[in-house]
Amino acid sequence: MQYGHFDDTAREYVIDTPATPLPWINYLGNQDFFSLISNTGGGYSFYKDAKLQRITRYRYNGVPSDNGSRNYYLSLMDPDHPAAAPLATWSPTFLPARTPLDHYRCRQGTGYTIFESSCRGIDTVMTAFVPVDADAEINRLKIRNTTDSPVLLDVTGCVEWCLWNAVDDASNFQRNLSTGEVEVEEAEKATILYHKTEYKERRNHYAFFGVNRPTIGFDTSRDEFLGRFNGWDTPQVITEGRARDSVAHGWSPIAANRVRLELAPGQEESLVFVLGYVQLPKADKWEDPDDPSKVGIINKKPAHALFGRFVDDAEVDQAFRELKDYWAGLLGRFTLDSGDPRLDRMVNIWHQYQCMVTFNLSRSASYFESGTGRGMGFRDSNQDLLGFVHLIPGRARERIIDIASTQLEDGSAWHQYQPLTKKGNADIGGGFNDDPLWLVAGTYAYLAETGDRSILDQPVPFNNVEGTEVPLLEHLRRSVNFTMTHLGPHDLPLIGRADWNDCLDLNCFSDTPGESFQTIENNDTGVAESIFIGGMFVLYAGQYADILDRCGTACGMDESAVAQEVASVRQAIDRMTQAVEGAGWDGRWFLRAYDAYSRPVGSHSDTEGQIYIEPQGMCVMAGIGLEDGKARQALDSVKERLTTSWGTAILAPAYSTYRIELGEISSYPRGYKENGGIFCHINPWISIANAMTGDDEEAFAVYRRTCPAYLEDRSDIRKVEPYVYCQMVAGPESPTPGEGKNSWLTGTAAWSFVDVSQYLLGIRPTLDGLAIEPHLPAQFTDLTVTRAWRGVTYRISMKRTGRRSVSLGEREMEGGVVPAQTGSDQVDVNVTF
């Protein structure tokens, strides 16, 4: 069953009903100001940090869900009795009023959402977006009277303020119910309502919500607006047909503006509501700090300037065009014409769009991540770089420096950091021993994309402590050395608190209800080992050696020092490869780990959890077992034991009881999350591994099983958005196989784009050039890829002939690698496969 359709020309997914299985959301904003918006107008906004600078309030676990966000009410009034109760009220986004609409359509686009609806002969089009260069969300509401009679219509727009710190806002009621402060500014052409809670003390920022029309009333007190016993579907002021001009003093401040329109038959009017954020230098906080009569009145000049940029349709239209042009430019950097519209729309639009969102937000704010706990992940953000770096390399460079600045001096890392403070998040802790190696992965991807070796010389501190700065190359060295110096009894890497799989907590041993598996004291025995990190080390220490080999002398090292360190690292890689192929091999697949008792995890000798997906993907991607057949055997075992029509499960059989020596992974019900769920994030590793072993049919089949565009007709089962990837799908041992969770903010986005762009389509940036080696199934015979790389656009024509070749003009490229070209804006590359 489908609930909408793709409009590829407009780069939109068109939703035809508000009753989707879950709220289907979109993200607005690309730099500092962000909003989440659902297909019924839900969501929230924040500035940079969803926890520390939350602008509007959102309630997770609300019933009904997704209420109380962007609240718009259209009230049809009696022209003869305009002060009476409305004849009817509805919302152009369906929620919160829940009045059945005669027509509804939601268009989720790149950085914007459009609602088209009609009720009682009133057509509305509401466009929501964050302009490219403004800290504001624009909600432009066009209203047209399609009846044969004039109508009197009251339009109320309302948001509820969050008291900035989202955690404190939801818990510290003894303080917060007394701190809420607002200001009201009614002018001839507009009304702006300001939220200034805590502004007079330590804060120097405020928010505002205004409309570009004179109002007939406003409210800033939620209690006055809703009344007793009412929800957002039936606020008292809406039911009564009048605003109360309430001013909040503590309790729960809101911003509600009410506008009255008289519409003749066929007449259309446009209202622009602006939700804005302003940050000021402390010296400029107040309107006039020297005038006693103006004590406590905020400096509104920046708000006036921001609001004034969008007061009419022409200005809104211009900002909207700039946003669409911005995305057209970004998405034009990698385009595909394959003949398969599902593959093309994912590669050309939705996949890259999701990579941008995950880069911006890591795992911090979605409808599954509340934005109150997690910040930017060290591991997560480095992985997100892999799918984003081709879009805006400059921002990727900044992110690498931010991430590396949180690294500790011994090469380990905080697991997360807060984007506002850029400090390691001690509440989440560290000790995840895979984290350091991901910094190598992110840096290598940046170097391969840009050739910008200067980043390796960039001074970067440890733990953001001033005076500890060393070149980024030294951070990479310590990342690699951390693994080399933290080995266990089998010469495999120690797992620490956990590795990529946060729920495989081999040193946790938690038996206390409510304990966090990831933050309790780590009982590291120095025994538990990770075969997965072993595969990671072979892959990413190899990339570090390549970086040294190509860039070491340019970074000030002499040739002998480079040669010595490269040789040392490659020897360590050889030893690790032997350890993985020896102690890490279970006969038909790679083991997952050794626990704190030095017993194998992910072995046929166990009754449950016999095979895990992660080491099969990572070890083969590292090239382990390619020559002696172990790689092919491991992938055959994955296909036989883990693969379903919904994707490849993370392990099998699922654990039926809690195992204290394994930790959180065994606490989940069978078939969900890490206990036998289909973790989409790591399915691309299996696809890449199959491509590397030459099984192109299975490589694409693995990709297709989790690709949302190919699953659109099963949206009633999958439930999450059919235009973006999700983290997890319920596995074959669950009661609800195929049910998706944790959409949008997932490493699935970046890794799936790496898979499809660099291995299936086969266009992979390296330090030496653009390596081209497609691995596509038989139905693809003639394709064209346009790929911007290092200032040149490469137009790559691919044809299936049975012979592999890569040619630049008449010259065939040795090894299928096209060196970086100069002196031309575009070059043509011909590829046969």
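Buried, in these legends, means under 20% relative accessible area, exposed means over 50%, and partly exposed lies in between (1.4 Å probe, protein chains only). Helices (H or I, at least four residues) and strands (E, at least two) are DSSP runs, numbered from the N terminus. This is a predicted model, in which local features need pLDDT of at least 70 and side-chain atom pairs count only at pLDDT 80 or more, while totals for chains, interfaces and linings use all residues. Residues are numbered from 1 along each chain as its sequence is written, and side-chain values use heavy atoms, with hydrogens and water left out.

**View 1. Helix 13 and what covers it.** Let us start with helix 13, which runs over residues 559–582. Which residues of helix 13 are buried? They are Val562, Glu565, Val566, Val569, Ala572, Ile573, Met576, Thr577, Ala579 and Val580. Their cover includes helix 11 (472–484), helix 12 (531–551) and helix 14 (614–621), where contact means heavy atoms within 4.5 Å. The expected span of a helix is 1.5 Å times one less than its number of residues.

**View 2. Helix 19, an enclosed helix.** Compare the span of helix 19 (residues 748–760): with 13 residues, its end C-alpha atoms are only 16 Å apart, short of the 18 Å that a straight helix would reach at 1.5 Å a residue. Helix 19 is largely enclosed by the rest of the structure, because 13 of its 13 residues are buried. Gly762 follows this helix and has a positive phi, near 80°.

View 3. Two strands pair if DSSP finds at least two bridges between them. Zooming in on one pair, strand 2 (residues 12–15) and strand 9 (residues 103–108) run antiparallel and are joined by three bridges. Tyr13 has Gln108 as its bridge partner in strand 9.

**View 4. Strand 13 and its partners.** How many residues of strand 13 (residues 151–164) are buried? The count is 14 of 14, so to speak a mostly covered strand. Strand 13 pairs in the antiparallel sense with strand 18 (residues 253–263) over ten bridges, with Gly157 opposite Asn257. Strand 7 (residues 71–77) pairs with strand 13 over seven bridges, again antiparallel, and Asn71 stands opposite Cys158. Strand 6 (residues 54–56) makes two bridges to strand 13, also in the antiparallel sense; Thr56 faces Trp161 there.

View 5. A disulfide is a pair of cysteine sulfur atoms within 2.5 Å, and a search of the whole structure finds zero of them. For Cys119, the nearest cysteine sulfur is that of Cys106, 17 Å away. Cys119 counts as buried, at 5% relative accessibility. For Cys162, the nearest cysteine sulfur belongs to Cys158 and is 15 Å away. Cys162 is buried too, with a relative accessible area of 2%.

View 6. Asn30 lies in the loop between strand 3 (25–28) and strand 4 (33–38). Asn30 is buried, with a relative accessible area of 12%. Not counting residues up to four places away in sequence, Asn30 touches Leu323, Tyr326, Trp327, Met356, Asn360 and Arg395. Ile611 is found in strand 28 (residues 611–612) and counts as buried at 0% relative accessibility. Beyond its neighbours within four places in sequence, Ile611 has contacts that include Trp589, Gly602, Ser637, Leu642 and Ala652.
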